[in-house]
Every structure is written in structure tokens, then in C-alpha cells.
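This briefing is meant for someone meeting the structure for the first time. Please look over the sequence and the model before reading the points that follow.

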Amino acid sequence: FNFFQGIVITPLLLLLFLGSSSSVPFTSIFSQLFMTVVVPLIIGQIVRRYIKDWLERKKPPFGTISSCVLLMIIYTTFCDTFANPNIDLDKFSLIIIVFIIFSVQMSFMFLTFLFSTRNNSSFTPADTVAIIFCSTHKSLTLGIPMLKIVFAGYEHLSLISVPLLIYHPAQILLGSLLVPTIKSWMVSRQKALKLTRQPKAPVKV
């Protein structure tokens with residue numbers, strides 16, 4: 001549902017900050033997104049029901065295939081973006097964008113950590129780790145197709161794609177750097193919870 005919210009929110013934010021006007025064909029956008037995102041998902045779930053046993057026996061390397069496809073999407077998108085002669089982005093602006101995106105990503109991860117570890121929270125340490133990584137991470141696999149559908153024919157499409165192109169590698173880099181620290185916190189937190197839940201031995205008089 002949040003992906004379809006982006007169809008409305010993204011143009012409004014652009015109009016707010018850029019001060020331009022345009023018409024957005026919502027019917028066409030929804031139909032294209034439905035065919036691009038929803039239909040493949042439904043087909044995949046249906047097919048999976050019939051070949052689940054075969055997949056469990058053969059165990060195809062879907063993880064490797066997914067990583068290669070994602071890497072290809074990132075590479076081709078970078079090429080399309082920075083090969084565009086109309087893109088007007090100087091080095092200083094690019095550095096500022098990188099700094100803002102890293103700051104936003106760290107802020108989101110910190111806020112989700114505070115939210116999931118508050119006193120009245122029922123989340124376990126493992127839940128907290130999942131929330132930190134899953135709720136703050138977005139993928140190019142849907143973001144780029146959405147941008148291309150919503151802003152088809154827009155001359156500054158490459159410029160609009162830059163923050164997303166930086167956000168995705170940033171979240172991978174930050175995640176890799178934070179994994180040892182978060183893992184150490186989770187393990188120590190789980191041990192502390194186990195100690196507090198152990199029944200106390202009766203005191204002999």
C-alpha cells in the first residue's frame with residue numbers, strides 16, 4: 001500500500017519544492033504499476049504453490065540470481081542517469097546529497113531502534129533488529145520502475161533518480177557496518193532477558 005501512496009506523495013513533494021505544475025495520469029500509472037509489480041507477484045505466488053516441493057529438493061540459487069539482477073539494475077540505472085547530457089549536478093551538490101541521505105538513513109534507524117526498545121514495547125531483540133533493517137530500507141527494484149512510470153518523458157528524470165541511487169547503496173553500506181554492533185547488542189540483550197526470566201532458587205533458612 002505504501003508504494004501506491006508514493007504515486008501521490010512524490011509528485012506533490014516535487015511540486016512543493018520545485019514550484020512547477022504538471023498533470024499526472026493516475027489511471028495509466030496505476031495500471032502500469034499493477035502490471036509491473038502486482039501481476040508478477042500474484043503469478044509468482046500461484047506458481048510457487050505448484051513447484052514448492054521441487055524447489056525445496058533442487059534448491060536453485062535464487063539468492064545469487066537475485067543479487068545479480070539487483071546489481072544489474074543498479075549498474076544500468078547509474079549508467080542511464082549519469083550518461084544523460086541534460087543532468088546538471090555538480091560535485092558539491094552530490095556530496096551534500098550523499099551527506100543528507102546518510103543522515104536521513106541513520107536518523108530513521110535510530111528512531112526505529114528507540115521505538116522498538118521503549119519500556120512498554122513487546123518486541124524481542126530479534127524483532128528490533130528486523131524492524132531497524134526492514135522498515136528503513138527501500139529497493140531500487142520498485143523505486144526505479146515507479147519513477148520511470150510516474151515521470152515518463154520528464155526531462156529531469158535522471159536528476160530525480162539520483163537520491164534513490166545513493167540511498168540504496170547507502171543502506172547496504174550502513175547495514176554492513178552496523179551488523180557487528182547490532183549483533184553484539186542483540187546477543188547481550190537476549191542473555192540479559194534469559195537471566196531475568198530464570199526462577200530464583202529458594203533461600204534455605
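Thr-112 is in contact with Ile-131, Ile-132, Ser-135 and Thr-136, when residues up to four places away in sequence are set aside. The model in which these contacts are found is a predicted one, and Thr-112 itself belongs to helix H4. Because its relative accessibility is 16%, below the 20% limit, Thr-112 counts as buried.

**The chain as a whole**

- The secondary structure of the protein chain amounts to 7 helices and 0 strands, and, read along the sequence, this gives the pattern α-α-α-α-α-α-α.
- Of the 205 residues in the protein chain, 23% count as buried.
- The protein chain exposes about 14900 Å² of surface, and 69% of that area is supplied by carbon and sulfur atoms.
- When contacts between residues at least 6 apart in sequence are considered, 74% of them in the protein chain join residues at least 24 apart.

**Spans annotated in the record**

- The unreviewed UniProt entry places the feature "transmembrane region" at residues 33-51, 63-83, 95-116, 128-151 and 157-179.
- In the model, residues 63-83 are 95% helix and 0% strand, with 30 Å between the end C-alpha atoms.

- Gln-32 lies in helix H2 and is partly exposed, with a relative accessible area of 35%.
- Although Gln-32 and Ile-149 are 117 residues apart along the chain, their C-alpha atoms are separated by 7.2 Å.
- A nonpolar patch on the surface is formed by Phe-34, Met-35, Ile-42, Ile-43, Ile-46, Val-47, Tyr-50, Ile-51 and Trp-54, which together have about 920 Å² of accessible area.
- Trp-54, one of the residues in that patch, is found in helix H2, which covers residues 26-58.
- Because the relative accessibility of Trp-54 is 41%, which falls between the limits of 20% and 50%, this residue counts as partly exposed.
- Lys-59 is found in the loop between H2 and helix H3 (62-82), and it has a positive phi of about 50° although it is not a glycine.
- With a relative accessibility of 66%, Lys-59 counts as exposed.

- Phe-115 has its place in helix H4, which is made up of residues 91-116, and it is partly exposed, with a relative accessible area of 46%.
- Leaving out residues up to four places away in sequence, Phe-115 touches Ser-121 and Phe-123.
- The C-alpha atoms of Phe-115 and Ile-131 are separated by 9.6 Å, and the two residues are 16 positions apart along the chain.
- Thr-117 lies in the loop between H4 and helix H5 (125-136), where its relative accessibility of 27% makes it partly exposed.
- Thr-117 touches Thr-128 and Trp-185, again not counting residues up to four places away in sequence.
- The C-alpha atom of Thr-117 is separated by 9.7 Å from that of Asp-127, a residue 10 places away along the chain.

**Helix H6**

- Helix H6, which spans residues 140-150, is mostly covered, as 8 of its 11 residues are buried.
- The buried residues in H6 are Leu-140, Leu-142, Gly-143, Ile-144, Met-146, Leu-147, Ile-149 and Val-150.
- Ile-149, one of the buried residues of H6, is also the residue whose C-alpha atom is separated by 7.2 Å from that of Gln-32.

**Cysteines and disulfides**

- A disulfide is a covalent bond between the sulfur atoms of two cysteines.
- A search of the whole structure finds 0 disulfides.
- Cys-68 counts as partly exposed, with a relative accessibility of 47%.
- Cys-134 has a relative accessible area of 59%, and because this is over 50%, the residue is exposed.

Methods: Residues numbered from 1 in each chain as written. Predicted model: local features only at pLDDT ≥ 70, side-chain atom pairs only at ≥ 80, totals over all residues. Heavy atoms only, no water. Disulfide = S-S within 2.5 Å. Buried < 20%, exposed > 50% of the residue type's maximum accessible area, 1.4 Å probe, protein only. Helix = DSSP H or I, 4+ residues; strand = E, 2+ residues; numbered from the N terminus. Contact = heavy atoms within 4.5 Å. Areas by Shrake-Rupley, 256 points an atom, 1.4 Å probe, with all protein chains shown as cover. Patch = residues over 30% accessible without salt bridge, like charges linked within 9 Å, V, L, I, M, F, W, Y side chains within 5 Å. Salt bridge = Lys/Arg side-chain N within 4 Å of Asp/Glu carboxyl O. UniProt positions renumbered as here; feature names shortened; annotations may be inferred.
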